[in-house]
Every structure is written in structure tokens, then in C-alpha cells.
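Dear colleague,

I am handing over the structure below, and my notes on it follow. Please read them alongside the coordinates.

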Amino acid sequence: MVSVSHVLIVGQGLGGTLLGWQLEQAGIPFKVVQSYPRRTASLVSAGMVDPISGQRFALAHRAVDTISLARRWYEVLEAELNMPLISDYPIWRLFRHIQDYEYYQKKKGVLSAYIEQELTDVRPYLSSKYGGIVVNGFQINVSPIIRYFESKWTQSSTLIRGHCHRRDIRIHGQGIEWNGVEADLCIDCGGFESEKGYFDWLPYRLSRGDVLIGESDRLLPERVVNNGYWFRPMGAHSFQFGASYAWDSLTRIEAGHVHLLQDALTALWPYPYRIVRIDSGVRQMVADAKPVIGRHPDVASMGIMGGVGSKGTQWYPYLVNEWMNAIRYGLQPPDDCNVARFKGSKPFYNPQGIRP
Ligand SMILES: Cc1cc2nc3c(=O)[nH]c(=O)nc-3n(C[C@H](O)[C@H](O)[C@H](O)COP(=O)(O)OP(=O)(O)OC[C@H]3O[C@@H](n4cnc5c(N)ncnc54)[C@H](O)[C@@H]3O)c2cc1C
């Protein structure tokens with residue numbers, strides 16, 4: 001049973017792209033609107049899928065449900081796009097100080113399925129004093145996925161290039177209308193910009209992340225290293241390093257941030273390197289650090305998918321799957337991800353006099 005016959009997706013980051021891909025597979029008509037120049041966090045993302053979350057070595061929320069599904073989906077995409085997307089560099093998580101080691105000791109049992117090895121010697125990196133662990137994760141090259149579908153959907157006129165002013169989305173009895181596009185359902189996949197629309201009442205926590213793209217004449221090791229920052233080789237001599245978190249300014253890169261990043265990089269990679277450029281993007285998270293999906297509690301033709309923080313690569317296959325179940329069979333998303341859990345946290349956005 002298909003309960004929705006036409007969908008409008010706002011935003012073609014990783015979330016909007018995977019959702020469009022699945023709608024396409026299911027034969028459900030859709031349009032995607034994407035503004036230019038792009039402000040797409042997914043295009044600066046390191047694409048890491050890491051079962052360990054945060055500084056205290058917690059197992060990522062729903063790691064069991066999300067990681068193996070993500071792996072399968074990106075394998076299918078690799079085959080469909082006929083290009084390598086997955087990289088299996090081992091992830092070395094270094095203990096920066098004795099507290100890291102202690103946190104790990106406390107969580108070791110829960111994490112055991114995801115730890116390949118414990119390390120006592122982590123040279124040539126500094127911080128070797130406390131050792132580290134090798135984590136069972138992987139990395140996804142996200143931008144070719146977005147670029148592939150951008151090109152495909154441009155050719156099929158599925159992608160609309162332009163800005164969708166959310167206040168111009170008109171709600172009517174059968175669904176929504178925007179710019180001549182009629183749909184039963186509009187799903188806001190606009191990343192941090194979703195806070196401007198029908199979901200402005202969510203308790204957002206937005207942060208800017210900066211990453212250094214650099215080169216070193218020295219051959220880079222075939223592994224990702226995490227010492228609070230990611231050091232990710234992108235070939236034999238290029239690397240990505242970051243990300244910093246800035247909560248105060250989402251647009252301006254302060255010189256102080258770049259210096260801090262460079263200091264951290266030098267501590268990890270004590271060899272000569274050059275910075276080629278600095279990339280920035282804004283991560284969208286909500287107060288409980290869990291994703292948000294589902295229909296607006298009072299405006300059912302508006303939906304959202306986001307709030308993935310630094311784990312969208314891992315979360316989106318699972319979240320899109322849940323959205324597809326909602327679209328095809330009318331199922332409710334799981335409570336821990338359902339946007340309705342925040343109902344009542346702020347007054348609802350009400351541009352057209354819709355009564356909550
Ligand atoms: C520096 C950095 C490093 C990161 N590293 C990782 C990592 O290693 N692993 C990981 O899983 N995640 C990482 N992330 C998090 C990453 O942002 C998310 O995982 C995910 O890719 C976000 O995807 P999204 O589709 O929700 O948002 P976005 O990628 O931001 O896409 C939203 C899109 O919507 C468009 N849009 C918004 N509003 C409108 C509108 N009104 N009209 C038209 N278009 C609109 C935007 O232009 C944008 O293209 C990182 C983020 C940053 C900033």
C-alpha cells in the first residue's frame with residue numbers, strides 16, 4: 001500500500017539524496033529543491049562511520065541497527081554508481097590522557113564487538129604514552145553520491161535549482177503547494193536551515209565545523225587516527241584534519257580556531273605539511289543528540305529528517321528506511337527519533353493561521 005503519491009524534498013545533502021534514491025526505487029514521484037551556492041555540510045563531512053560516540057567512549061546510539069544497514073546501503077550504491085565509495089582504513093583511537101584510558105576501561109565490555117585491537121605503541125604519532133584502540137568502522141566518500149544524483153536528477157528535471165522559502169510552502173487540504181509543485185508531503189532535509197521553517201520549535205544545537213585539507217611530502221599511513229580530532233588520509237600525500245566545533249559564529253572562521261587546529265595537527269603529525277584549504281560546514285543537532293524524523297505533529301503534510309550531528313553517514317540509511325515505512329505503510333517512526341517527542345517545547349510556527 002502506498003499512502004503518499006508525491007513528495008517534495010527540501011535540500012539535497014546526504015539525507016535528501018538517500019531519501020530521493022529510495023523514493024525513486026519505490027517508484028514514488030518526487031522533486032528535490034536545492035539552493036545554490038550550496039551550504040551542504042555533507043560535502044565537507046569526513047564520512048566517518050564510527051561506533052564510538054563522543055569523548056567518553058560511549059557506544060553510538062542504535063549502533064547495532066544503523067551501522068550494518070549503512071554498510072549494506074553504501075555497498076549497493078557502490079554497485080549502482082559503479083565507483084568506490086567505501087574505505088576500510090582502520091580507525092586508531094588514541095588515548096590522549098589517563099582519563100581516556102579510564103573511560104575506555106569502563107565501556108570496554110559494551111564496545112567489545114567494535115574493537116579490533118588494543119594498542120600499546122601508537123608511533124609515529126605522539127600521545128603514544130597511553131596507547132589506544134583500533135575501532136571497527138569505515139569511511140564513506142559522500143560527495144560523489146551527492147554529485148551523481150545531482151546530475152541524474154538535473155537531467156530528469158527532478159532537481160529544482162533554487163531556494164525554497166519555507167514561508168512560501170502553502171498547506172491545503174490535500175497536501176502542500178510550493179512554486180507550482182503539488183505534493184502530499186514535504187520533507188525538510190535542509191540541515192541547519194530547517195530551523196527557519198515549520199520545525200523552528202525544535203531545540204536545535206548548531207555548530208560550525210572547520211577542517212583543514214593538507215598535504216605532506218611524507219607518505220601518509222593507511223589508517224585514520226582520532227585523538228579528539230580526525231586525521232584522515234585522502235590518498236598517499238593528502239589528508240583531512242578536523243573538525244573543530246564553534247557554537248558562537250556559524251559563518252565566520254576565526255584565526256584562533258585555525259591556529260588551534262594547526263597546533264593539534266602538529267601534535268599528531270609532527271612532520272612538515274602544507275595547508276591547501278579550510279572547509280567549513282554547519283552541523284545540526286537537537287537537545288538530546290538523537291535524530292528527528294516524522295511528520296509535524298499538527299501539520300501532517302510537513303515532515304523533517306535531520307538532527308544527525310556528526311553521524312549522518314551512519315544514521316541516514318536507517319532514517320530513510322523509517323521514512324519509507326511511514327510513506328508506504330503509514331507506520332510511525334521509533335519514539336527515540338520521532339520529532340513529536342519535542343511537541344510543546346516551543347510555540348508552533350504558524351505562517352498561515354494553522355491551528356495547532
Ligand atoms: C566539518 C564536518 C565534518 C563532519 N564529519 C562527519 C563524519 O565524519 N561523519 C558523519 O557521519 N557526519 C559528519 N558530519 C556531519 C554531516 O553534516 C552529517 O552527517 C550529514 O552529512 C548532514 O547531511 P544533511 O543532509 O542533513 O545536511 P546538509 O548536508 O547540510 O544538506 C542540507 C542541504 O539542504 C539545502 N537547503 C537548506 N535549506 C534549503 C532551502 N530552503 N532551499 C533549498 N535548499 C536548501 C542546503 O543547501 C544543503 O545542500 C560532519 C560535518 C561537518 C560540518
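The shell around the ligand draws at least three residues from each of domain 1 (1-88 + 140-203 + 287-356) and domain 2 (205-286), the bounds coming from an automatic or database domain assignment. This is a predicted model, in which local features need pLDDT of at least 70 and side-chain atom pairs count only at pLDDT 80 or more, while totals for chains, interfaces and linings use all residues. Residues are numbered from 1 along each chain as its sequence is written.

In all, 39 residues surround the ligand, the closest being Gly11, Gly13, Gly191, Gly209 and Gly312, where a residue counts as near if its C-beta atom, placed from the backbone, lies within 6 Å of the molecule. Among the elements that give two or more residues to this shell are helix H1 (14-26), strand S16 (204-215) and helix H6 (312-329); helices (H or I, at least four residues) and strands (E, at least two) are DSSP runs, numbered from the N terminus. By class, the shell has 12 nonpolar, 22 polar and five charged residues, with Ala, Val, Leu, Ile, Met, Phe, Trp, Tyr, Cys and Pro counted as nonpolar, Asp, Glu, Lys and Arg as charged, and the others, Gly among them, as polar.

As for the domains themselves, 26 Å separate the centres of domain 1 and domain 2, taken over C-alpha atoms. Their contact takes 17 residues from domain 1 and 14 residues from domain 2, two residues being in contact if their C-beta atoms, placed from the backbone, lie within 7 Å. On the side of domain 1 that touches domain 2, the residues divide into 10 nonpolar, six polar and one charged.

Best regards
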